[in-house]
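These are my notebook entries on what I looked up in one model. I kept them in the order in which I went through the topics.

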Amino acid sequence: MRMAHGLRDNGLRYGRVTRIFHWSMAAILLWQFSGIVINRLFGRSALTDLLNSTHGELGATILLLAALRALWGFYNLKNRPKHENGLLGIAARLGHICLYALMLFIPAIAFLRAFGSEWGLALFGIQIVSQGTENIGWMVAPANLLHGVFAWTLLAMIAGHITMALIHRFVWKDDVINRMAGKIRDLQPAE
Ligand code: HEM
Ligand code: HEM
């Protein structure tokens, strides 16, 4: 079935929908990590309070977008740009799968904790879980153990991902970046 021009992936490049997911989530994650990293490096300030005031809301948005993006990915699986053969291609595929897993898992366990925790939870100004209720051990344990660790792992993996994109562009001088950025070329893949 043909869809409107450029919406779907086409085997040579990602389409508009994938790109909107990719770049909007990159922007949200930049906001999410900036608040925490700037706080760690330079201490708390009006800027970090502003950036961190949306932590739960942005986490919820990432969880929703990651789930939709994964569904869209499955729908487009057959016409996504191919990874190269060999170890590097396998590493790229595994790396992308790990990025998805972390984008889903990190906020999911945070919500599990919030629903079972005495801290309570307000999202977009609405109190969803009231404060002061008793902690439910099995609900808070995963995030207490892993939320921070996995979040830092995600940041490290994003750094690796960006480094690889730069190596493709400036060292190997291939056109991998054009799959996700720049003009949506209307070339059809060779079957
Ligand atoms: C993909 C989404 C998310 C990312 C990338 C993320 C990232 C982080 C990071 C980097 C930290 C600091 C860890 C440290 O100090 O070592 C943190 C802490 C925290 N986050 Fe998130 N977070 C996300 C979603 C959420 C959501 C949805 C909630 C609440 C429902 C939440 C609640 C918290 C809380 C309460 C802390 C402080 C306690 C702790 O470190 O576990 N986060 N988050
Ligand atoms: C400056 C920042 C970034 C650049 C230059 C960049 C570049 C790229 C490029 C060129 C591709 C296509 C790679 C291929 O087909 O093998 C890609 C795919 C991908 N990127 Fe990024 N990226 C950036 C940030 C991020 C961030 C923050 C995430 C979030 C975790 C992310 C997650 C992904 C994923 C999961 C894919 C696989 C395609 C998909 O399912 O959307 N990227 N990126």
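I began with F124, which sits in the loop between strand 1 (121-123) and strand 2 (126-129); helices (H or I, at least four residues) and strands (E, at least two) are DSSP runs here, numbered from the N terminus. The model is a predicted one, in which local features need pLDDT of at least 70, side-chain atom pairs count only at pLDDT 80 or more, and totals for chains, interfaces and linings use all residues. Residues are numbered from 1 along each chain as its sequence is written, chains are lettered from A and ligands numbered from 1 in the order in which they are written, and side-chain values use heavy atoms, with hydrogens and water left out.

**Entry on phi.** I noted that F124 has a positive phi of about 50 degrees although it is not a glycine. For background, most residues other than glycine have a negative phi. F124 counts as exposed because its relative accessibility is 59%, where buried means under 20% relative accessible area, exposed over 50%, and partly exposed in between (1.4 Å probe, protein chains only). I then turned to K173, in the loop between helix 5 and helix 6 (177-180), and found its phi near 50 degrees, again a positive value in a residue other than glycine.

**Entry on the whole chain.** I listed 6 helices and 2 strands for the protein, and from the N terminus on the elements run α-α-α-α-β-β-α-α. The C-alpha trace spans about 60 × 40 × 30 Å along its principal axes. Of the 191 residues, 32% are buried. Among the contacts (heavy atoms within 4.5 Å) with a separation of 6 or more, 68% are accounted for by residues 24 or more positions apart.

**Entry on helix 1 and helix 5.** How do helix 1 and helix 5 pack, and at what angle? I recorded an angle of about 120 degrees with the axes 12 Å apart, the axes being lines fitted to C-alpha atoms, for helices over the stretch in contact, and the angles running from 0 to 180 degrees between N-to-C directions. Helix 1 and helix 5 are therefore oblique to each other; on this scale, angles under 35 degrees count as roughly parallel, over 145 as roughly antiparallel, 65 to 115 as roughly perpendicular and the rest as oblique. Helix 1 passes helix 5 in a left-handed crossing, a term that applies if the near helix is turned anticlockwise from the far one by less than a right angle, clockwise being right-handed. On the helix 1 side I wrote down H22, L29, F33, I36, V37 and R40, which meet A151, W152, L154, L155, I158 and H161 in helix 5.

**Entry on aromatic rings.** I counted rings of Phe, Tyr and Trp (its six-membered ring) as a pair if their centres lie within 6.5 Å, with planes under 30 degrees apart taken as stacked, over 60 as edge-to-face and the rest as tilted. By this rule the count comes to 3 aromatic pairs. One of them is F33 with W152, a tilted pair at 6.3 Å centre to centre and 45 degrees between the planes. This pair links distant parts of the chain, since F33 lies in helix 1 (residues 16-42) and W152 in helix 5 (residues 137-171), 119 residues apart. F33 counts as buried because its relative accessibility is 10%, whereas W152, at 34%, counts as partly exposed.

**Entry on charges over rings.** I took a charge to sit over a ring if NZ of Lys or CZ of Arg is within 6 Å of the ring centre and within 35 degrees of the ring normal. R8 lies over the face of Y75, at 4.1 Å from the ring centre, and R169 over the face of F170, at 5.3 Å.

**Entry on helix 3 and helix 4.** The axes of helix 3 (residues 55-75) and helix 4 (residues 87-115) come within 9 Å and cross at roughly 135 degrees. That makes helix 3 oblique to helix 4, and their crossing is left-handed. Among the residues of helix 3 at this meeting I noted G56, G59, A60 and L63, and among those of helix 4 Y100, M103 and F111.

**Entry on two positions in helix 5.** G148 is in helix 5 and, at 31% relative accessibility, counts as partly exposed; its C-alpha atom is separated by 11 Å from that of F33, 115 residues apart along the chain. L166 is also placed in helix 5 and is partly exposed, with a relative accessible area of 46%.
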